[in-house]
Amino acid sequence: MLKIDSVEKGLVIDHIQAGKAMEIYKYLNLDKLDCSVAIIKNVKSKKLGKKDIIKVENNINMDLTVLGFIDPNITINVIDNDTIIDKIKLELPYEVINVVKCKNPRCITSIEQEIQHKFKLTDKEKKTYRCVYCDTAYE
Amino acid sequence: MLKGRSLIEPMDLSLEELDEILDLASEIVDNPSEYSDVCKGKILATLFYEPSTRTRLSFEAAMLRLGGSIMGFSSADSSSAAKGESVADTIRTIACYADIAAMRHPKEGAPKVASMSTDMPVINGGDGGHQHPTQTLTDLLTIKSLKGKLDNFTIGLCGDLKFGRTVHSLIKALSRYNNIKFVLISPEELRVPEYIREEILIKNGIEFKEVERLESVMEELDVLYMTRVQKERFFNEADYIRLKDSYILNMEKLEVAKKDMIIMHPLPRVNEISVEVDSDPRAAYFKQAKFGMYVRMSLIMKLLGVEK
């Protein structure tokens, strides 16, 4: 089995749906980090069958709110001195910017490329996000 | 405080602010001459990216009757949009010249983008099939003036409820008043969008029903709001032709209606209200157009922070 060193200090983003790790890598702008980042694909998982994991070394102060929008089943462990010091619980973010695009062909974002694609949480129970410009729900 | 604000959708206004605008509008209706130069020296820009003679002229008449001046364009072809300029850049430029702007745009959310790009008040004059808040203010002033109240009545909305933005805005605004029952009359293909049904009506526990035939509910209504089936809101011609004549109001259908019901329509009408209905005392749609000008006068004054 492939072995990846454990993280002494950093973040372990676990239970990512198999195949989605690169998307998460992109949304969290991990390419901009100087530290070591490991992407582990298709790890055997009791819960999911298969899963992806991302390990980030040293950096523990990232904005992870977007993960609540992408997949609230993801778990995040904060590691220091080889021990888990915190488990971050994901919540639905109030607003997501430039993560998904509005699909309404009548929306102003469909013709003006420079406008941010912005969605707001309008129904927490149903997890409904709507485009702030045209009110179309993201599905 | 309304001064300096934009109006993008009816829910931007609290009930108190709505009342403030409607009360001033009623005062203007009673004494228009007292307001004839309150906006002297102020300029309204009408930025109309798609044709709408009625709404544009209503805004322009409103500003002119307040003693202000107007400038603008009435189609995208005669603006910098034809050269590919963004809405944000256009509004930033216009803000150098004008004090307030009214914008109509075929794309939904364009006036919102404009309002986010400037400190100048921007009024949404209609964005695609989305929102049309000054039509809503018009409708509210009409109901308030002719029925004497904005609560405890049954309103029937008839025709194109899917693409009809006036209907969406009106439902949102009326949903905040007490004990209003909605009767939604449309073919199945043109029912209100799911977000209006789920997040406005059901979520707020508002009584409503959806029916296909106008005749079946006519006698229940205190207000009947007719809408046009708009050709430009359809993706194909065949659907338009199939549905456009589904809902036509005539004297025969009106026989069972209440004597004090009022008939409203955002205009322009095509054939959904027979001309024979025009002389019936219940027909309120031309008065509604006049109320539209008065309520825009009030709105312009409030957003500019101008007083008598």
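Biologist: What is the bridge partner of L11(A) in β4(A), and how do you know that β1 and β4 of chain A are joined?

Modeller: In this predicted model, L11(A) has V78(A) as its bridge partner in β4(A). Strand β1, residues 10-17 of chain A, is joined to strand β4, residues 75-80 of chain A, by 5 bridges; pairing requires at least two bridges, so β1 and β4 of chain A count as paired, and they run antiparallel.

Biologist: Which strands make up the open sheet in chain A, and why are β2 and β5 said to stand at the edges?

Modeller: The open sheet holds 5 strands of chain A in the order β2-β3-β1-β4-β5, with antiparallel pairing. Within this order, β2 (37-45) and β5 (83-88) of chain A each have a single partner strand, so one side of each has no neighbour in the sheet, and that is what places them at the edges. Averaged over the sheet and with direction ignored, neighbouring strands are turned by 25° against each other.

Biologist: Why is I70(A) called buried, and which residues does I70(A) touch?

Modeller: I70(A), which lies in helix α2 (residues 65-70) of chain A, has 20 C-beta neighbours inside 10 Å; the label requires 20 or more, so I70(A) counts as buried. Leaving aside residues up to four places away in sequence, I70(A) touches I24(A) and Y27(A), whereas the C-alpha atoms of I70(A) and I40(A), 30 residues apart in sequence, are 18 Å apart in space.

Biologist: How many of the residues in chain A are buried, as a percentage, and what elements does chain A have?

Modeller: Buried residues account for 27% of the 139 residues in chain A, which has 2 helices and 8 strands. Read from the N terminus, its elements follow the order β-α-β-β-α-β-β-β-β-β, and along the principal axes its C-alpha trace spans about 50 × 30 × 25 Å.

Biologist: What makes chain B as compact as a globular protein of its length?

Modeller: Chain B contains 10 helices and 9 strands. Its radius of gyration is 19 Å, close to the 19 Å that the globule rule gives for 308 residues, so chain B is as compact as a globular protein of that length. The C-alpha trace of chain B spans about 55 × 45 × 40 Å along its principal axes, and 47% of its 308 residues are buried. Of the contacts in chain B between residues at least 6 apart in sequence, 77% join residues at least 24 apart.

Definitions and conventions
Residues are numbered from 1 along each chain as its sequence is written. Chains are lettered from A and ligands numbered from 1 in the order in which they are written. This is a predicted model: local features need pLDDT of at least 70, side-chain atom pairs count only at pLDDT 80 or more; totals for chains, interfaces and linings use all residues. Helices (H or I, at least four residues) and strands (E, at least two) are DSSP runs, numbered from the N terminus. Axes are lines fitted to C-alpha atoms, for helices over the stretch in contact, and angles run from 0 to 180 degrees between N-to-C directions. The radius of gyration is taken over C-alpha atoms; the globule rule is 2.2 Å times the number of residues to the power 0.38. A residue is buried if 20 or more other C-beta atoms lie within 10 Å of its own, exposed if 12 or fewer, and partly exposed in between; C-beta atoms are placed from the backbone. Two residues are in contact if their C-beta atoms, placed from the backbone, lie within 7 Å.
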